[in-house]
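Subject: Handover of a structure and its findings

Dear colleague,

Please find the structure below, together with its sequence. I would be grateful if you read the notes that follow with the model open beside them.

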Amino acid sequence: QVQLVESGGGLVQPGGSLRLSCAASGIRFSIYAMAWYRQAPGNQRELVADITHKHSTNYADSVKGRFTISRDNAKNTVYLQMNSLKPEDTAVYYCKVQNYDYWGQGTQVTVSS
């Protein structure tokens, strides 16, 4: 079955950086678009960034210029490099196989001094 396992979340001060990883198994990873979503308390889940199988990327306006999504097909892994973090980036971050209902369990990112 499809498994997506996120890692790399944690507590970071404003202005800091984190890199999230999502390791996929049970799918032919290289042919699927992948995405990162996030959900803050009281908010709907929102798209942060996605990347096609050809490595084309798309970002939410709120993270453009600060976050970078990438993938390593040899490792079946998608990454989210997050720089210049702000308190409003605090959320649970989820990995997803785009266009399919496959989600990871989520990893908490907290930006606070």
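What percentage of the 113 residues of the protein chain count as buried? The figure is 42%. Please bear in mind throughout that this is a predicted model.

**The chain as a whole**

The secondary structure of the protein chain consists of 11 strands and 0 helices. Read from the N terminus, the elements therefore run β-β-β-β-β-β-β-β-β-β-β. The radius of gyration of the protein chain is 13 Å, close to the 13 Å that the globule rule gives for 113 residues, so the chain is as compact as a globular protein of that length. Its C-alpha trace spans about 40 × 25 × 25 Å along the principal axes.

Contacts in the protein chain also reach across the sequence. Of those between residues at least 6 apart in sequence, 53% join residues at least 24 apart. The accessible surface of the protein chain is about 6000 Å², and carbon and sulfur atoms account for 45% of that surface. As for charge, the protein chain carries 11 positive and 8 negative side chains. The centres of these two sets are 6 Å apart.

**Aromatic pairs**

The count of aromatic pairs comes to 4. One of them joins Tyr32 and Tyr100 in an edge-to-face arrangement, with 5.3 Å from centre to centre and 85° between the planes. Tyr32 is in the loop between β3 and β4 (34–39), while Tyr100 is in the loop between β9 (91–97) and β10 (102–103), so this pair ties together parts that are 68 residues apart in sequence. Tyr100 also pairs with Tyr102, and this pair is stacked, at 6.4 Å centre to centre and 5° between the planes. Ring pairs thus link Tyr32, Tyr100 and Tyr102 into a cluster.

How accessible are these residues? Tyr32 has a relative accessibility of 21% and counts as partly exposed. Tyr100 is partly exposed as well, with a relative accessible area of 42%, and Tyr102 is partly exposed at 36%.

**Two serines**

Is Ser21 buried or exposed? Ser21 counts as buried, because its relative accessibility of 16% falls under the 20% cut-off. This residue lies in strand β3, which covers residues 18–25. Leaving out residues up to four places away in sequence, Ser21 touches Val5, Glu6, Ser7, Trp36, Thr77, Val78 and Tyr79.

Ser17, by contrast, is found in the loop between β2 (10–12) and β3. At 40% relative accessibility, Ser17 counts as partly exposed, because that value lies between the 20% and 50% limits. Which residues does Ser17 contact, leaving aside its neighbours within four places in sequence? They are Val12, Gln81, Met82, Asn83, Ser84 and Leu85. Ser17 and Lys54 are 37 residues apart in sequence, and their C-alpha atoms are 26 Å apart in space.

Yours sincerely,
A colleague

Terms used: Residues are numbered from 1 along each chain as its sequence is written. This is a predicted model: local features need pLDDT of at least 70, side-chain atom pairs count only at pLDDT 80 or more; totals for chains, interfaces and linings use all residues. Side-chain values use heavy atoms; hydrogens and water are left out. Helices (H or I, at least four residues) and strands (E, at least two) are DSSP runs, numbered from the N terminus. Buried means under 20% relative accessible area, exposed over 50%, partly exposed in between (1.4 Å probe, protein chains only). Contact means heavy atoms within 4.5 Å. The radius of gyration is taken over C-alpha atoms; the globule rule is 2.2 Å times the number of residues to the power 0.38. Accessible areas come from the Shrake-Rupley method with a 1.4 Å probe; for residues, only the protein chains shown count as cover. Lys and Arg count as positive and Asp and Glu as negative; His and the chain ends are not counted. The place of a charge is taken as NZ of Lys, CZ of Arg, CG of Asp or CD of Glu. Rings of Phe, Tyr and Trp (its six-membered ring) pair if their centres lie within 6.5 Å; planes under 30 degrees apart count as stacked, over 60 as edge-to-face and the rest as tilted.
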